[in-house]
Amino acid sequence: MANNSGNPPLDRLLTGGTIVLGGGSRAAAIGIHGGRVAWTGAAGEAPPAEEVMDLTGRLILPGAVDPHVHFRTFSSQCDTLGDVSRSGVHGGVTTMVAYATGEEDESMLGTLRRCREEGEAGCVADFSLHAWIFEDFDYLAEIPKAVDAGVTSFKVMMGYRKRGRGRCIPDEYTYAAMERAAAVGGIVLVHAENGPVVDYLEDKALAEGIDGAEYLRRSRPPEIEAEAVARSAHLAAMAGCPLYIVHVTSAAALTEVRRAQADGRDLVAETCPQYLTVTDDAVAERGAIAKVAPPLRSRPNLDALWEGVRDGCIDLIGSDHSPYTRAQKEAVSFTDSTFGAPGVETLLPVLYSEGAAAGRISLDRLVQVTSEFPARVLGLRPRKGSLHPGADADIVVIDPDGETIVRAADQHTNSDYSLLEGETLKGRIEMTLVRGEVVVREGALEKKPGFGHFIDRSRAGGRAALSEAR
């Protein structure tokens, strides 16, 4: 960071804190003008500012970029896109990329337009969208139009074939999506599970009267995930398409990620806080509210994932916020209950506490996987993911001496439970700024719905975009 002379007077100057970036940390001041980072350097050399905030003893991080959130759009989830953003900013998420789910016979562009309008009316954080891929070649033909509309990422479901749960598509459509996305600078995101084999194993478990945690272990073992990672990596390499594996959960899947990366494949991997901190014992203890897909795994898998975050195999961490109420989750049998759990509000607090504060990862690695790398991979740079001059002044202020007790009743999603209920986390988010404006201060929301902006994204970066930051 450097002192940049000739700047206009600042709107706001943050002094006294430690600025944490992907390349390291230092005590410095940061100046904001017109919603952007305008100046960084020693506080005594700062231009005049209309407001000076003394953040002595605090950590100043780029706001988290959550690349993986879901919301209620022709689904039964209990949060609108605006609700997700409200929950997110309380947890330091300043930009989120949400999955835009369409209704039957709606075009890809129609879905994206509708979801963008919903977000612009209701969000208090900035946002972008991922488009879903369906088993329809005419639908795939809209991929170039989506890229022109600022959406450069496309989601493929390899799991969830039966029981009306999802949108599993055959491999030919996956490959066609990869070809078309690659041609226009897009990236394909894959939920990696072998859907047809899951269906077979589910039916077999049900026939044997297996339920609960054992049902998930038998029907969705780690090998189901690993096979799909390997298969999608080969397909993406054939198509010349950057590949993004969402929510990696197991050591077996991580082995396939490592193999593909070692072979030079343009593949990035994401995991989620729940897969780093909650074991499959939670399913036996708590039932359907701990039912997610891929499922929670045993302790050795958690340890392997932390190693992947440390050594650079795992590049991004997203929440996979998938909000339902306890009543929704428990209204039917375990096998018929929905998959998913809330998490956007605890994304950064969990990773700070159980990652950086616990010594599992460094502070700069925390910033890389929660801010810098999601922005690079998904084409949000240079606006998002850093605090360098010219970037949006999206900032989260953490009191490292504070603590956060996770209580569903205190959170801002409409979901009424948390997989981490009652856990005490080190650190406390004191303030969140979006484009230089305070959105949350000491737990109070200061902006109204509609403050959030849709962010047009440039060509997706893939793993190649991360090389300069490693």
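User: What share of the residues of the protein chain counts as buried?
Analyst: This is a predicted model. Buried here means under 20% relative accessible area. The protein chain has 470 residues, and the buried share of them is 62%.

User: Which radius of gyration does the protein chain have, and why does it agree with a compact globule?
Analyst: The C-alpha trace spans about 70 × 45 × 40 Å along its principal axes. For 470 residues, a compact globule would come out near 23 Å. The value for the protein chain agrees with that: 21 Å.

User: How many helices and strands does the protein chain have?
Analyst: Both kinds of element are present. The count is 15 helices and 19 strands.

User: Is helix α14 mostly covered or mostly uncovered?
Analyst: α14 runs over residues 347–357. Its buried residues include L347, P349, Y352 and A356.

User: Which residue with a positive phi follows α14?
Analyst: The phi in question is near 80°. The residue that follows α14 with this angle is G359.

User: Why does D136 count as it does in accessibility?
Analyst: Buried means under 20% relative accessible area and exposed means over 50%. D136 has 34% relative accessibility, so it counts as partly exposed.

How values were computed. Residues are numbered from 1 along each chain as its sequence is written. This is a predicted model: local features need pLDDT of at least 70, side-chain atom pairs count only at pLDDT 80 or more; totals for chains, interfaces and linings use all residues. Side-chain values use heavy atoms; hydrogens and water are left out. Buried means under 20% relative accessible area, exposed over 50%, partly exposed in between (1.4 Å probe, protein chains only). Helices (H or I, at least four residues) and strands (E, at least two) are DSSP runs, numbered from the N terminus. The radius of gyration is taken over C-alpha atoms; the globule rule is 2.2 Å times the number of residues to the power 0.38.
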